[in-house]
Amino acid sequence: MSRAVSLHILPQQATHASEGQSASERPEVTSAARSTDHPRRLIDSHGRTIRDLRLSITDRCNLRCVYCMEPDVQFARRESLLSVAELLRVARQCVALGVEHIRITGGEPTVHPDLLAIIAGVAAIDGVRDVAMTTNGCLASAEALRNWKGAGLRRLTFSLDSVSEATFARMTRSNSPANSAGAVIAAIGRAVELGLGPVKVNAVIIRGQNEDEVPKLARLARAIGFEVRFIEFMPLDSGHRWDPSLLVPASEIIDRASEAGELVAHGRDADSSTSETFVFRDAPDVRIGVIAPVTRPFCGACSRLRITADGKIRPCLFSLAEVDLRSALRDVSTTDEHIEAILLDAVWSKQRGHGITAPDFRQPDRPMSAIGG
Ligand code: SAM
Ligand code: SF4
């Protein structure tokens, strides 16, 4: 689907590559060029180094968030999903090529029956500096949190788009008391107490759905002691309902968050950070983040690589082409060197930017849940 988008885009930082390029402007690159220039490091043709792996371990989920998964979303066949051994092999080889941080994600990673083995396996990889996980928090009982930490998980990011139960139920399409805003807020509190942090909480803000929740979430962040990160709605929903009119831009999000207290801008922690940070003037240790891929794109310093649960390499969240790794993983004659070559080539082809605002932008077929957020 192509659409013309008219949005107010802020000028980019000098270090960030141009974002609004069209698909036809993306450079053609060759593996020969890649391997001569940068042997054995995950580096792309725009000079970016990959240090962060988003490892999706399942495309299944116990919720159906309106911005992510339609109720009748098609899941991948079970046999097409990577086994624990395959997931760990990919993670190991990415680390051998310079990845330092691994985020376990999905779908909802906590519905995976072998989650503990995956966390433990990833944490045991020599060279991994950080093991984090993103979860909707519905299964984050006190016992589960202790087990995840015991297995080697360092940090948790929750998703919570609303503190109001009615809005939570509407946005997650869940009416079960077990999957409530209250249950997730309790789980966030337990994770903070347990030291699985800094605990972060993602909230996708959508016009007409939950923009009024921004100050409430900011107040909750102050009360419990987590970092809330407001995310602009991206065209990655399985219903393909994204429309510019549903976007609440970062500028408005920041204004609304200021209702919870005066904010002071702190910029990005690192060039590659997705989030711009603010702190409260009267509570400088409480951080508020804004992730604005649409109106303040940050692709120019991207350090991320995604592996889907069914074994595809996605160099970019918005990649239209994927590179198959699963066939190689399931061929007994495949050497580690061959897997490395596939990873190196895929990363070299990483597109410069997502091009959401370009006239020829095409939404990827896969929703966020099948890519790994
Ligand atoms: N199920 C887990 C969760 O919700 O935290 C992990 C996977 S989810 C796909 C990862 C993150 O992607 C969540 O924080 C979610 O809010 C975000 N996300 C999903 N669809 C999105 C969209 N269309 N635009 C922006 N963020 C989105
Ligand atoms: Fe499930 Fe997470 Fe997608 Fe919501 S955002 S439907 S919790 S995968």
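**Entry 1: terms and overview**

I call a residue buried if 20 or more other C-beta atoms, placed from the backbone, lie within 10 Å of its own, exposed if 12 or fewer do, and partly exposed in between. By that rule, buried residues make up 45% of the 373 residues in the protein. I keep in mind that this is a predicted model, in which local features need pLDDT of at least 70 and side-chain atom pairs count only at pLDDT 80 or more, while totals for chains, interfaces and linings use all residues. Residues are numbered from 1 along each chain as its sequence is written, and chains are lettered from A and ligands numbered from 1 in the order in which they are written.

I looked up the secondary structure and found 11 helices and 12 strands, taken as DSSP runs numbered from the N terminus, with at least four residues of H or I for a helix and at least two of E for a strand. For contacts I required C-beta atoms, placed from the backbone, within 7 Å; among contacts between residues at least 6 apart in sequence, 77% join residues at least 24 apart.

**Entry 2: the sheet**

I took two strands as paired if DSSP finds at least two bridges between them. The 12 strands form an open sheet with mixed pairing, in the order 7-8-9-6-5-4-3-2-1-10-11-12. Its edge strands are strand 7 (263-267) and strand 12 (323-324), each of which pairs on one side only.

I then turned to strand 2, where four of the five residues are buried. Strand 1 and strand 2 pair in the parallel sense over five bridges, and Thr105 in strand 2 is the bridge partner of Ser56. The chain crosses from strand 1 through helix 2 to strand 2 in a right-handed β-α-β crossover, that is, with the strands pointing away from the viewer, the path from the first strand over the helix to the second runs clockwise. Strand 2 also pairs with strand 3 in the parallel sense, over four bridges, with Val131 in strand 3 as the bridge partner of Ile102; strand 2, helix 3 and strand 3 make a right-handed β-α-β unit.

Which of its residues are buried? I noted Leu87, Val90, Ala91, Arg92 and Cys94. Their cover includes strand 1 (52-56), strand 2 (101-105), helix 3 (115-123), strand 10 (304-307) and helix 10 (336-348). Just after helix 2, Gly98 takes a positive phi of about 110°.

In the loop between strand 1 and helix 2 I found Cys65, which counts as buried because 20 other C-beta atoms lie within 10 Å. Leaving aside neighbours within four places in sequence, Cys65 is in contact with Met171 and Thr172. Cys65 and Arg170 are 105 residues apart in sequence and 8.4 Å apart in space, C-alpha to C-alpha.

Note on methods. Two residues are in contact if their C-beta atoms, placed from the backbone, lie within 7 Å.
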